[in-house]
Structures are given as structure tokens and as C-alpha cells.
Amino acid sequence: MVAEQVEMLLNGDFAVAWAWKHVEPDVVAAFPITPQTLIVEKFSEFVANGEVRTQFVSVESEHSAISAMVGAAAAGARAATATAANGLQLMHEILYIVSSMRLPVMLGVANRAVSGPINIHCDHTDAMGQRDAGWIMIFTEDAQEAYDTTIQAFKIAENPEILLPIMVNLDGFLISHTAMNVKVFKDPKVVKDFVGETRPVPKIKLMGEEVELSLNPRNPIPVTFGPFAYYDYYFEFKRQQIEAMKKVPDVVERVNDEYYEISGRKYGNGRVVPWNVDDADIVAVVMGSAAGTMRYVARKYRERGVKIGILRVRMFRPFPWRDLQELLRGKEVVAVFDRTQDQGVMGGPLFLETLAALYYLDDRPRNVVNYVFGLGGRDFPPELVEKVFDELIRIKDGKEKPFVKKYVGVRE
Amino acid sequence: MSGAELRKWNEVPIAGVPWKFSTEYKTGDWRSERPVIDHGKCTKCLFCYIYCPEMAIKVHWTSDGSKPEKVEVDYNFCKGCGICANVCPMKAINMELERR
């Protein structure tokens with residue numbers, strides 16, 4: 001049953017803060033960095049007003065913020081933090097430790113270009129630098145989705161089959177600072193019932209005893225977190241993480257469905273959000289807020305009879321390669337859009353991984369091209385999308401030679 | 001680190017938590033030099049016992065517990081750092097090349 005909701009004028013950052021307010025994590029530790037600051041600023045207001053019972057830890061850096069998450073989550077707490085750009089890079093070292101210690105930490109990232117030159121505006125380079133850290137990564141499209149996904153994130157990460165940290169990405173400024181009418185649950189209890197009042201802490205067998213996988217002093221056998229494992233066991237622990245990652249796609253879909261039940265909103269199958277892909281000859285693959293602009297333009301092209309579809313990748317890690325194979329097989333032209341620095345490689349990460357997935361198809365798309373766009377907050381307006389779509393139509397009609405990679409919106 | 005009972009990935013607890021005591025992890029096989037005590041020179045001053053970072057010096061006490069009787073190296077855990085030989089005032093500990 002869809003629960004009662006109210007509309008609020010919220011930007012993406014406030015939407016995440018409101019989601020936190022409704023989930024009420026046990027611990028939030030954070031350090032401010034644009035464009036993420038509003039998340040923790042708003043949330044610290046909720047804490048100061050006594051509206052949540054969360055322990056708010058003010059720390060001196062992002063490295064400390066994520067380290068505080070390690071301690072909190074290892075103690076069995078539900079823990080959340082948020083950052084962006086260089087802050088995320090400062091967390092880099094600890095991100096691997098969080099995932100290897102199987103701590104379901106929720107991290108909000110307001111995607112921002114990485115220095116230098118110093119820039120505070122949107123691109124996905126910060127998140128892409130962490131793509132192999134063993135985290136689940138979801139890219140949202142607007143403030144509403146940021147609210148919804150933040151709530152879902154706790155449920156996905158804390159699933160006892162998974163126990164992996166999760167990063168919820170929202171485009172800096174384009175989502176983080178852009179206000180829209182966001183539907184939030186009227187009664188926070190709906191959210192509490194959805195994610196659970198407290199974090200479920202799994203039990204493990206240790207020396208014949210059943211113990212909580214946490215630093216609980218009441219454990220009959222004390223549990224040590226973060227010891228060393230050498231060439232004799234390190235590989236086995238990595239293998240466990242890989243296995244947990246494999247279970248994520250199904251859980252993301254299930255949580256997406258369950259969330260639909262209470263909210264009336266769902267995002268494709270949770271992993272990818274296709275728009276008119278089935279009958280399309282040309283498909284644009286993209287992540288984040290740009291998908292909205294592209295659908296807006298594609299709608300006009302559809303009216304003119306151009307069979308164009310937009311496939312938004314929502315879950316980047318684990319990479320939904322099976323979905324891409326299923327949806328992109330046999331297409332005439334697939335154009336993959338990366339909002340990421342890509343020096344010295346054939347294409348951006350979204351392109352390369354899409355390409356790898358498609359290689360194994362018998363009926364692979366005839367042309368797969370890569371566009372790099374929007375670096376450092378460079379605008380990606382409808383006029384530019386039109387230019388790109390026109391080029392894709394020419395490639396489809398054989399009037400223009402296909403290419404590997406092009407840059408959109410840079411002066412050359 | 002004997003290879004006798006190495007378990008598979010799905011046979012060990014997740015998150016890298018240890019499922020046995022650290023004393024079962026015999027760190028002594030890292031050693032390239034082993035300390036050998038010359039019991040003739042040793043005065044049982046216990047400098048080595050105090051300075052050993054690995055608690056790898058074993059002291060045998062007299063039955064009434066009043067005096068140390070004999071000092072030994074626990075080669076299961078001695079990593080061969082040589083601190084004991086360095087601090088020994090009687091030069092009673094000699095570092096010998098490990099031949100394994």
C-alpha cells in the first residue's frame with residue numbers, strides 16, 4: 001500500500017538529509033565540502049533541534065569521517081556520511097577497508113570535478129576514481145531519486161547476504177543544489193518499517209560459538225576487526241567480497257520493487273532505467289541528471305519518427321552488464337556518454353564496460369561510440385544533445401563514419 | 001603458517017575476522033637470523049625479556065618463583081629482530097644465520 005506523502009521544495013542535498021532524518025542512522029560523521037555541504041548542514045540542524053537521535057560527529061577531515069564510519073559500523077551501528085570530489089579522494093584508502101570489513105556504510109556523494117584546476121562543479125570523475133573499491137554505486141537523476149535511493153541504500157547494504165557499503169551519487173549542483181517538488185513520507189515510521197528500526201547485525205560461528213559480527217562486548221568470543229591476512233587467506237577474503245557483489249543486482253531489484261509498494265515510485269529494474277529502448281535503432285547510454293535532458297530532446301525526435309531510446313545506468317557497481325546485453329543487442333547505433341576524465345584510454349569507464357559487455361553478443365550493435373561531456377560542470381543543453389543525435393542519425397544512415405570517442409561541448 | 005589445514009573461501013567467516021587465536025599464527029618463520037643464548041655467560045638479568053617486542057623470551061622460574069632459573073627463546077614467535085642480542089649486557093646472545 002502506498003503510504004501518505006507530502007510534497008516539499010527540496011534540492012538534492014536536502015533530499016538526502018531528509019532521507020537520513022527518516023532513517024535516523026545511529027552515527028553520522030562528516031566534513032563539509034561543496035557541493036555536499038548542505039546534506040550535513042541540514043542534518044546537523046535536525047540533530048541540534050533534537051529531531052533525530054543520531055550521534056553527530058564533527059571530524060577534521062574526510063579521512064576521519066570515513067574512519068569514524070568504520071568504528072561505528074564495526075560496533076553494529078547504522079552509519080552514514082557524505083562527501084564530494086577531493087573529500088572522496090581523501091577517503092579513498094579507507095573505502096577499501098570499509099568494503100573488506102563488510103561494513104554496510106551509506107555514503108552520499110555530490111559528484112564534483114576533481115582538482116586541478118580547482119573546480120566545484122559537476123562531473124563524475126570523483127566517483128569513478130573509487131569504482132574498484134568494492135562499493136555498491138548508484139547514480140541518481142534528480143532530488144526525488146536522491147531521497148528515494150538514500151532510503152533504499154540502507155536496505156540494500158545491510159542485507160545479510162550482501163553487507164557491503166553503498167555510495168549514492170547525485171550530480172553536484174545539477175541535482176544537489178537544484179530544488180524540485182520532492183515527495184517525502186509523512187510518517188517517518190513508514191521508512192523505519194522499510195529499513196528496519198535498527199541495523200540487523202548478522203551472526204557468525206566462531207570457535208563453536210555463535211557470535212554477532214560486531215565489536216559487541218557481550219559476544220561470548222570477542223570478534224577482532226581488521227587483522228592481517230597474508231598470502232594464505234587474503235585472496236579467499238576477496239573471493240567472499242566478489243561473491244557478495246554478485247548477489248547485489250537481485251537485491252537492488254527487490255528493494256526497488258518493495259519501495260514501489262510503499263511509495264508508488266520505481267526506477268526501471270533498479271539497475272537500469274530504459275526509456276523507449278525496445279524498438280529503438282539508436283540508444284544513448286548515460287548516467288545521472290543528463291538523462292533527463294536527453295529524454296526531453298529524444299521525445300521531439302520520436303515525434304518526428306526517429307527511433308531513439310535512452311538507457312540510464314542507475315547502478316554502476318556492480319556493473320549491470322547482463323541488462324545492457326539484453327537491452328542493446330542488435331541495435332544500429334549505441335552511444336555511451338561519460339562525464340569523466342579519460343586521459344590515455346580508449347574511452348570513459350561507462351563506455352569501456354558497456355563495450356566489454358556487448359562483445360560477448362552474437363548480434364552486437366553495429367556501431368558503439370563514446371562521447372565525453374560536461375567536465376567541470378560544462379553545460380550540456382538540449383541544443384548540444386540535438387547536435388549529437390543528428391550525428392548519430394547520420395552514422396546510422398551510413399552518411400558519416402563511426403568513431404571511437406568524441407568530446408561534446410569543448411571548444412576545438 | 002603450515003599449509004596443512006588451509007580452508008576454502010566459503011569455509012571461513014566473512015569480513016576477515018580471525019577464527020582462531022593469533023598464537024596459532026606462527027610468526028617465527030619470518031626469521032632470517034636466530035638468537036642463540038650462551039647459558040654460560042647469561043646472568044638472567046632479563047633485559048632481553050623486557051625488551052623483546054614479541055614476548056618471545058621465555059623465563060623459567062625457580063619453584064618458589066623468587067628467581068629466574070633459565071632463559072629461552074620461543075622460536076615459534078621470534079622474528080629475529082636482534083634487539084635481545086643488542087641489549088644483552090653480557091653479550092651472551094649471538095645472532096646466527098637461519099639455515100632452513
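Predicted model: local features only at pLDDT ≥ 70, side-chain atom pairs only at ≥ 80, totals over all residues.
The overall form of chain B can be described with a few computed values. The C-alpha trace spans about 50 × 35 × 20 Å along its principal axes. The radius of gyration of chain B is 17 Å, whereas a compact globule of 100 residues would have one near 13 Å. Of the 100 residues in chain B, 17% count as buried.

Twelve residues of chain B are in contact with 18 residues of chain A. On the chain B side of this meeting place, ten residues are nonpolar, one is polar and one is charged.

Turning to chain A, an open sheet is built from six strands in the order β11-β13-β12-β15-β16-β17, with mixed pairing. At its edges stand β11 (272-275) and β17 (405-408) of chain A, each of which pairs on one side only. From one strand to the next, the twist averages 20°. In general, the strands of a sheet pair through backbone hydrogen bonds, and they may do so in a parallel or an antiparallel way. Within this sheet, β15 (residues 333-338) and β16 (residues 367-373) of chain A pair in the parallel sense over six bridges. Here D338(A) can be found opposite V372(A) in β16(A).

Helices lie across this sheet as well. Helix α11 (residues 321-328) of chain A lies across β11, β12 (282-286), β13 (308-313) and β15 of chain A, and runs at about 15° to β11(A). Helix α13 (residues 382-396) of chain A lies across β12, β13, β15, β16 and β17 of chain A, running at about 150° to β15(A).

Buried residues in α7 are V191(A), F194(A) and V195(A). These residues sit on the same side of α7(A) because they cover an arc of only 80° around the axis. An α-helix has 3.6 residues a turn, so residues three or four places apart point the same way. The face turned away from the buried side of α7(A) carries K189(A) and D193(A), which are exposed. Among the elements that cover the buried residues of α7(A) are α1 (12-23), α6 (143-157), β8 (180-185) and α9 (248-263) of chain A. Just after α7(A) comes G196(A), with a positive phi of about 95°.

A last stop in chain A is V59(A), placed in the loop between β3 (55-58) and α3 (62-74). Is V59(A) buried, exposed or partly exposed? V59(A) is partly exposed, because it has 15 other C-beta atoms within 10 Å, and that class lies between the 20 or more of a buried residue and the 12 or fewer of an exposed one. Beyond its neighbours within four places in sequence, V59(A) is in contact with A29(A), F31(A), S64(A), A65(A) and A68(A). From V59(A) to P32(A) the distance is 9.5 Å, C-alpha to C-alpha, while the two are 27 residues apart in sequence.

Notes. Residues numbered from 1 in each chain as written. Chains lettered and ligands numbered in written order. Contact = placed C-beta atoms within 7 Å. Nonpolar A, V, L, I, M, F, W, Y, C, P; charged D, E, K, R; others polar. Pairing = 2+ DSSP bridges. Helix = DSSP H or I, 4+ residues; strand = E, 2+ residues; numbered from the N terminus. Axes fitted to C-alpha atoms, helices over the stretch in contact; angles between N-to-C directions. Arc of directions from axis to C-beta. Rg over C-alpha atoms; globule rule 2.2 N^0.38 Å.
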